[in-house]
Structures are given as C-alpha cells and as structure tokens.
Amino acid sequence: MVTKAVMGMGLQFSEAGRVADVLALGANATNTSITGLSQALSYAAPVANSLGLSLETTAAIIGKFADAGIDASRAGTALNAILSQFQDPASKFRQELAAAGIVTGDFDKALRLLAKSGNSGEKAIIAVGTEAGPALRGLLNQGIGALDELKAKLDNAKGSALATAAVMG
C-alpha cells in the first residue's frame with residue numbers, strides 16, 4: 001500500500017514513513033480505511049502529482065469524498081477524472097470553470113473559487129461527469145473549511161502509523 005502511494009506521488013522511498021503516517025491518520029480521521037485510502041491514491045496519485053498536489057492534499061480530498069459516501073476505487077476514479085479534466089485546458093470542465101470566471105492552472109485555487117461560485121459553478125460540476133460530479137459536489141457541500149481542517153491534521157501526521165499500530169495491538 002505504501003509503495004504504490006510513494007511511487008504514484010513521485011516521492012522518494014525515504015518518505016515511506018510519512019506516507020504510512022498520512023494513510024493511518026487519514027483513515028482514522030475520515031470514513032475510509034487505510035486500504036480504501038491507498039486504493040483511491042493508486043488511481044489519483046499520478047495526476048495529482050503532475051498538478052503539484054501534495055500527498056496530504058490528495059489524501060484530504062479523498063478522505064472528504066469518503067465522508068460524503070464515495071470511497072476507495074470510486075473516490076480514486078472520481079478524483080482522477082476531475083484532475084485529468086482540470087489538467088486539459090480544452091476540457092468541458094475547464095470551459096465551464098472559465099464561464100464561471102474561474103481561470104487558473106492551480107487546482108487548489110480553482111477548487112476554492114468553485115466553492116465560492118454558487119450556482120454559477122454548477123455547470124462545471126456537471127461537466128466532470130456522472131461519476132466525478134457527485135464526488136466533487138460532496139466535497140464542496142462539506143465546505144473548504146472541512147477540507148482545510150483535514151489537510152492541517154494530515155500535515156501533522158508524524159507518528160500516526162506507530163500510534164495506530166499500538167492501539168491495534
């Protein structure tokens with residue numbers, strides 16, 4: 001599980017402990033498991049990495065998808081679709097974002113602007129498709145504050161894998 005996340009996110013193996021900590025805390029802080037989180041990362045990590053998203057940001061988005069009832073491979077497939085469409089300037093998603101006044105190559109910034117856009121961003125959410133759209137809507141319905149709170153926890157995940165292992169006995 002850790003190896004796939006390390007490779008997918010373009011990290012060095014020296015960061016395997018960090019990955020294990022993020023997976024452990026991410027699973028404990030959201031409605032997913034370590035297996036579900038790592039499965040989702042296996043789908044989404046390469047494109048997240050290419051867009052410059054950190055492991056923690058990517059895991060936080062997947063965790064919030066899980067909190068909205070979209071877990072494991074469905075979450076990874078949805079995030080992969082959203083990010084792949086965001087990466088393509090000619091995609092319907094990017095066209096609809098632009099129509100809503102959201103013109104940026106920074107996914108985090110685009111997500112924050114989409115959250116603030118209200119009804120004007122609805123066509124962009126629909127444009128990502130029937131699988132990815134509900135995941136994106138579920139994330140936005142929880143609010144950017146919830147995503148930021150989870151990401152802040154994951155940024156401070158050091159030691160979480162060991163603590164989880166101790167509890168599991």
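1. Ser73 belongs to helix H5; helices here are DSSP runs of H or I with at least four residues, strands are runs of E with at least two, and both are numbered from the N terminus. When residues up to four places away in sequence are not counted, Ser73 touches Gln39 and Tyr43, where contact means heavy atoms within 4.5 Å. Between Ser73 and Ser42 there are 31 residues in sequence and 8.5 Å in space, C-alpha to C-alpha.

2. On the basis of the note: this is a predicted model, in which local features need pLDDT of at least 70 and side-chain atom pairs count only at pLDDT 80 or more, while totals for chains, interfaces and linings use all residues. Residues are numbered from 1 along each chain as its sequence is written, and side-chain values use heavy atoms, with hydrogens and water left out.

3. Ala72 is also a residue of helix H5. Its phi is positive, about 55°, although Ala72 is not a glycine. With 14% relative accessibility, Ala72 counts as buried.

4. Leu79 is likewise placed in helix H5. Its relative accessible area is 1%, so Leu79 is buried. Apart from neighbours within four places in sequence, Leu79 is in contact with Ala44, Thr58, Ile61, Ile62 and Phe65. Leu79 and Ala115 are separated by 36 residues in sequence, and their C-alpha atoms are 16 Å apart.

5. How many aromatic pairs does a search of the whole structure find? The search finds one. The ring centres of Phe86 and Phe107 are 5.3 Å apart and the ring planes stand at 75°, so the pair is edge-to-face. For this term, rings of Phe, Tyr and Trp (its six-membered ring) pair if their centres lie within 6.5 Å; planes under 30 degrees apart count as stacked, over 60 as edge-to-face and the rest as tilted. The pair links distant parts of the chain, since Phe86 lies in helix H5 (residues 72–87) and Phe107 in helix H7 (residues 107–116), 21 residues apart. Both Phe86 and Phe107 are buried.

6. Asp108 lies in helix H7. Its relative accessibility is 29%, so Asp108 counts as partly exposed. Asp108 and Ala157 are 49 residues apart in sequence, with 21 Å from C-alpha to C-alpha.

7. Leu139 is part of helix H9 (residues 132–142). Is Leu139 buried or exposed? At 3% relative accessibility, Leu139 counts as buried. Not counting residues up to four places away in sequence, Leu139 touches Ile61, Lys64, Phe65, Leu111 and Leu147. Gly159 is 20 residues from Leu139 in sequence and 27 Å from it in space, C-alpha to C-alpha.

8. Helix H2 (residues 16–29) packs against helix H11 (residues 160–168) at an angle of about 55°, with the axes 7 Å apart. Axes are lines fitted to C-alpha atoms, for helices over the stretch in contact, and angles run from 0 to 180 degrees between N-to-C directions. H2 is therefore oblique to H11: angles under 35 degrees count as roughly parallel, over 145 as roughly antiparallel, 65 to 115 as roughly perpendicular and the rest as oblique. On the H2 side the contact is made by Ala20, Asp21, Ala24, Leu25 and Asn28, and on the H11 side by Ser160, Ala161, Leu162 and Thr164. These contact residues comprise five nonpolar, three polar and one charged (Ala, Val, Leu, Ile, Met, Phe, Trp, Tyr, Cys and Pro count as nonpolar, Asp, Glu, Lys and Arg as charged, and the others, Gly among them, as polar).

Note on methods. Buried means under 20% relative accessible area, exposed over 50%, partly exposed in between (1.4 Å probe, protein chains only).
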